[in-house]
Amino acid sequence: MAQESPKNSAAEIPVTSNGQLEDSHEHSFNRDLKCSLPVGLGLSETKITSHGFDGAKEGVVEAGQFPNKGSSTSPKSSVISPSSAAASRLAGQGCDLIIPTGGRAQQKSGPVVLADEVKNPAMEKLELVRKWSLNTYKCTRQIISEKLGRGSRTVDLELEAQIDILRDNKKKYENILRLAQTLSTQLFQMVHTQRQLGDAFADLSLKSLELHEEFGYNADTQKLLAKNGETLLGAINFFIASVNTLVNKTIEDTLLTVKQYESARIEYDAYRTDLEELNLGPRDANTLPKIEQSQQLFQVHKEKYDKMRNDVSIKLKFLEENKVKVLHNQLVLFHNAIAAYFAGNQKQLEQTLKQFHIKLKTPGADAPSWLEEQ
């Protein structure tokens with residue numbers, strides 16, 4: 001008997017009685033291959049690695065293009081979204097589908113992680129409105145509780161005293177400013193009347209020969225008084241402009257900072273009260289996060305309150321120095337101009353204006369009278 005050639009293990013394929021292949025291994029392999037291949041992917045785009053039909057491990061199918069020759073990177077798995085019909089077919093065969101959500105998805109063994117979506121601007125605005133409403137509610141509750149005498153407030157005695165003095169001085173300076181404006185208006189009317197009276201006297205001096213000298217003297221006197229009144233009017237207007245700048249700009253700017261400081265103080269007390277109420281309550285898993293968040297908000301508003309208090313202190317200091325310097329010069333100007341005018345010292349009045357660099361343009365003093373020319 002001739003010696004039989006050794007059989008190849010790969011050629012030993014079990015056959016059923018009707019001549020068809022037994023699908024115990026092949027059917028399992030085909031099913032795994034069918035489930036692993038993405039829909040629409042040809043065999044030219046896949047690489048099949050088998051560890052043997054008889055092995056314990058099943059075949060592994062990796063989808064993707066083969067790397068170029070010489071490339072050291074291994075092919076990566078790609079996941080393609082199946083159509084609804086293909087998805088239903090694969091799902092009916094017991095296959096697990098990985099469907100990407102959003103722009104990108106990664107194939108993982110664990111649960112699918114959705115990519116972070118872009119925040120909606122409307123939601124951001126809604127969040128800002130919610131925070132503003134909550135802050136307004138807390139501040140309103142704090143103000144009402146303070147007015148009713150139920151809530152406590154933080155008071156800086158030294159700073160509060162300086163603010164009260166500033167507000168009282170502002171009212172007094174506004175009264176001085178109002179009276180000075182009234183004096184300027186009345187002086188302007190008087191100067192205007194004196195100028196008209198001087199013109200009337202000068203006209204009569206020309207038409208009344210028997211009273212020519214008398215009308216002429218009165219005309220010159222009224223015109224001189226009008227000229228000195230215009231000089232005094234310029235000094236008073238300069239005083240009004242300087243005090244108005246001090247009251248309505250410098251002091252008002254400081255009081256605006258004071259208002260911001262008071263708003264920061266109300267917010268600070270509101271969040272301080274809120275934190276104190278939470279600390280007095282029970283501490284459990286639900287309240288601890290609220291207490292921590294309240295502590296953070298309290299710290300933020302405390303820093304804002306301290307900053308505003310420091311700003312107000314600095315502005316009050318500089319305002320006091322500026323106020324003393326400005327009012328000193330303006331009060332000296334006002335006194336010297338008034339004294340020189342009512343003393344009839346025209347030279348002293350003009351020197352006072354030159355000392356403070358005040359330039360006047362008197363409309364009635366450009367052309368001298370015919371008596372002055374003679």
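My notes on aromatic pairs and annotated spans follow.

Entry one. I kept in mind that this is a predicted model. I went looking for aromatic pairs and got six. I picked out phenylalanine 201 and phenylalanine 215, whose ring centres are 6.1 Å apart with 35 degrees between the planes, a tilted pair. Phenylalanine 201 belongs to helix 4 (residues 157–207) and phenylalanine 215 to helix 5 (residues 212–280), so this pair ties together parts 14 residues apart in sequence. I checked burial too: phenylalanine 201 and phenylalanine 215 are both buried.

Entry two. Next I looked up tyrosine 261 and tyrosine 305. Their ring centres are 5.7 Å apart and the planes meet at 25 degrees; stacked means under 30 degrees, so I wrote this pair down as stacked. Tyrosine 261 is in helix 5 and tyrosine 305 in helix 6 (residues 287–342), so I noted a link between distant parts of the chain, 44 residues apart.

I turned to the record: an unreviewed UniProt entry annotates residues 156–183 and 291–322 as "coiled-coil region". In the model, I found residues 156–183 to be 96% helix and 0% strand, with end C-alpha atoms 41 Å apart. Residues 291–322 came out at 100% helix and 0% strand, and their end C-alpha atoms lie 46 Å apart.

Terms used:
Residues numbered from 1 in each chain as written. Predicted model: local features only at pLDDT ≥ 70, side-chain atom pairs only at ≥ 80, totals over all residues. Heavy atoms only, no water. Phe/Tyr/Trp six-rings, centres within 6.5 Å; stacked < 30°, edge-to-face > 60°. Helix = DSSP H or I, 4+ residues; strand = E, 2+ residues; numbered from the N terminus. Buried < 20%, exposed > 50% of the residue type's maximum accessible area, 1.4 Å probe, protein only. UniProt positions renumbered as here; feature names shortened; annotations may be inferred.
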